[in-house]
Amino acid sequence: MPAPASWRLLARVLLRLFGLAASLLAASALIFAALELLPGNVAQLMLGTEASPEAVAALAEQLGLQRPLWQRYLQWLQGLLSAELGDSYAYGAPVAQLIAERLSVSLPLTALALLLALALALACGCYAAARQGRAGERWVLLLSQLGLALPGFWLGILLMLLFALKLQWLPAGGFPGWGSEGADSGFAFWPALQALLLPAVALALVQAAQLTRLLRAALLEVLGEDYIRSARAKGLSPRVVLMRHALRNALIPVLTLLGLQAAQLVAGAVVIEQLFQLPGLGQLIFQAIANRDLIVLRNALMLLVALVLLINFIVDALQTLIDPRLRRELPR
């Protein structure tokens, strides 16, 4: 007797969770090994070649380098689970605090870029599919091809020159924070949003170009299906057929690409953060490499991997909920 659909769905979720945990464990082992097994003394690498032997020995004792490798790895895993990540060598502050501060910039930046990319892609993709073979479709394809060809940092420079320096509508860089101290202070949402708008647009334009082309192709494929012809035969308007019947099925491949783009944005916004001087996670990783702060680098890289894997897990779950074909393929 086949199991109920709800139980099969729960079994799929538990299987994905097990795969997520196994992937995180494997990633942690690779990151730890890559940084701990660097040639030479880790403490010497962090302090530089001009450091005194006494300073190198003190840092080695502080890092516990005299203990076996497997003990240090298990201790790091325990710290990850309890959010006790140690102190930064360069900043002299808890690593968990540093990462939390940077995530308050990187996560809103990524979310804003994804929302802008999705909004642009929905508008342009539906417009192009509704005007197949006409000038409107050709213009959308031309602009999307241009968006794919232009690098994000170059778009960021153009946006900065136009909207920050020439028009002076938005700040050219920096981040005022989400709140400020003082008697008249409040939740400084609008200044912080203004600081994130230009970098988010620079990140979103390239992603929107990819999503637009994929959504247009998916809509044109769906519009040729039998149930779409039946909807048209019932006298439904082209707008209703497109938005109510075709768009939902066409969004399935778009959702897959959107999940991949979210992972790319989380992991690859370091150039944009450097360009706009945003104190995000990408800038923290860049500074950790420059300062040879391996403690911060190890934990920040692990967080990036965890975010990428978590996003992929969420996308897989959403695909199962949206696509009935995937629900029929659940194990019985």
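Biologist: Helix H5 (95-130), helix H10 (238-268) and helix H13 (294-322) each give at least two residues to the lining of the largest cavity. Which element supplies the largest share of that lining?

Modeller: H5 does, with four residues. Keep in mind that this is a predicted model.

Biologist: How do you know that there is empty space at all?

Modeller: A probe the size of a water molecule is rolled over the atoms, and this shows where space is left empty.

Biologist: Why is such a space called a cavity?

Modeller: A 1.4 Å probe fits there but cannot get out. The structure holds one cavity of 30 Å³ or more. The volume of the largest cavity is about 40 Å³.

Biologist: What makes a residue part of the lining?

Modeller: It must have an atom within 4 Å of a point of the space. For the largest cavity, the lining residues are Leu103, Ser106, Leu107, Thr110, Leu265, Val266, Ala269, Glu273, Leu281, Leu304 and Leu307.

Biologist: How many of them are nonpolar, polar and charged?

Modeller: Eight are nonpolar, two polar and one charged. Glu counts as charged, so Glu273 is the charged one.

Biologist: How much space lies in the second largest pocket, and what is its lining like?

Modeller: The volume is about 360 Å³. Of its 16 lining residues, Leu77, Leu80, Leu81, Met302 and Ala306 are the closest to the centre. The lining has 14 nonpolar residues, two polar and no charged. Helix H1 (5-36), helix H4 (69-82), H5 and H13 each supply at least two of the lining residues.

Biologist: Why is Ser28 called buried?

Modeller: Buried means under 20% relative accessible area. Ser28 has 2%, so it is buried. It is found in helix H1.

Biologist: Which residues does Ser28 touch, leaving out those up to four places away in sequence?

Modeller: Tyr73, Trp76, Leu77 and Met302. Leu77 and Met302 have come up already, among the residues closest to the centre of the second largest pocket.

Biologist: How many residues has the largest nonpolar core, and which have the most contacts inside it?

Modeller: It has 74 residues, and Phe175, Leu196 and Leu219 have the most contacts inside it. Helix H8 (residues 189-222) gives the largest share, 14 residues.

Biologist: What does Leu196 touch, beyond residues up to four places away in sequence?

Modeller: Val105, Pro108, Leu109, Leu112, Phe175, Trp178 and Leu278. The distance test is heavy atoms within 4.5 Å.

How values were computed: Residues numbered from 1 in each chain as written. Predicted model: local features only at pLDDT ≥ 70, side-chain atom pairs only at ≥ 80, totals over all residues. Heavy atoms only, no water. 1 Å grid on protein atoms, 1.4 Å probe; cavity = no way out; pocket = protein on both sides within 12 Å on 5 of 7 lines; lining within 4 Å. Points joined across faces, edges and corners; volume = space filled by probe spheres on them. Core = buried A, V, L, I, M, F, W, Y, C linked by side-chain atoms within 4.5 Å. Buried < 20%, exposed > 50% of the residue type's maximum accessible area, 1.4 Å probe, protein only.
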